[in-house]
Amino acid sequence: MVVIHCGMLNEGHNALNEKNWQIFPIKNYENIPYDKTDIIVLDEVQRIDEGQLNFIFEKMKENKICGIFSYDPLQTMNAKEKNSNSIELIKDYVIKEYKIKGRIRANKEIYFFVDNLFDKSHKHMEMNYENVYLTKFKTYKDTETFLKYLKRQGWNFINYTPSIYRDSIFTRLNSVSLGNSHQVIGQEFEKVAVIIDAKFNYIGDRLDAGIWDSGNYGAQMLYQAITRAKTSLFVIIINNDILFDQCMDIINNYKNDV
């Protein structure tokens, strides 16, 4: 069996490879021993390039390889991934399709908090958010100091993926982060911290932050980071009273609306 991860390999992947697993990053898709495998598990398929996918399909047909494809259409972070036809190609290829709904990684309260944060119309009344923490700062400098404190307390701050062409505040925050949105794909952590700055607002009921210098959607990078949390979530708001008030409304369970 071969596993192809449509992203960068992390420490967990490398540890499994040391135990004789065969896990490959998608960038090595041409060098996989297709003629020596009977099953391919393709993970995070929503990120794959159509050309890469068609190449893998041909190798699977040629070598009579069975395939298992895992994907989440909501976990796309840029226009290329969002506009890709890869998922439609897979649906035409597979024999059976199974859908997993609801919370898989996070506990119930984090799942509902994230669901409501990204869509204000999804209100979950009387939820106890005892493992969701919230604070706000006016500047990135104060935020960076606080993130250093959280790191000493065992929290994992997940940064936004910065542009490779120009420096930004997120480049500086790399020194206190576990990794960025792309580097944590497929991973999960007990205690996760994220930041939401002034770029975020609501268009209708949906959270939005536009396209950033890195070419990625801000809201989708946040979604990727925030859904890594298993047990506890710390949301740090920077100079954005609208989002702070929305998070407070969620934590207070919309009691004024009941």
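Let's start at Thr161: leaving aside residues up to four places away in sequence, Thr161 touches Asn180, Ser181, His182, Ser214, Asn216 and Met221. This is a predicted model. Thr161 sits in the loop between strand E6 (156–159) and helix H7 (169–172). With a relative accessible area of 13%, Thr161 is buried, because buried means under 20%. Its side chain also makes a polar contact with the side chain of Asn180 (3.3 Å).

Now for the charged pairs. The structure holds seven salt bridges, including these:

| Salt bridge | N to O distance |
|---|---|
| Lys136 – Asp241 | 3.7 Å |
| Arg172 – Glu144 | 3.1 Å |
| Lys230 – Glu190 | 3.4 Å |

Lys136 in strand E5 (residues 132–137) and Asp241 in helix H9 (residues 241–251) are 105 residues apart, so this pair links distant parts of the chain. Lys136 is partly exposed at 43% relative accessibility, and Asp241 is partly exposed at 44%.

Arg172 lies in helix H7 and Glu144 in helix H6 (residues 140–152), so their pair ties together parts 28 residues apart in sequence. Here Arg172 is partly exposed at 43%, whereas Glu144 is buried at 11%.

Lys230 belongs to strand E11 (residues 229–238) and Glu190 to strand E8 (residues 189–196). Salt bridges with shared partners join Glu188, Glu190 and Lys230 into one network.

Terms used. Residues numbered from 1 in each chain as written. Predicted model: local features only at pLDDT ≥ 70, side-chain atom pairs only at ≥ 80, totals over all residues. Heavy atoms only, no water. Helix = DSSP H or I, 4+ residues; strand = E, 2+ residues; numbered from the N terminus. Buried < 20%, exposed > 50% of the residue type's maximum accessible area, 1.4 Å probe, protein only. Polar contact = N/O pair within 3.5 Å; in protein donor to acceptor, adjacent residues only side chain to side chain. Contact = heavy atoms within 4.5 Å. Salt bridge = Lys/Arg side-chain N within 4 Å of Asp/Glu carboxyl O.
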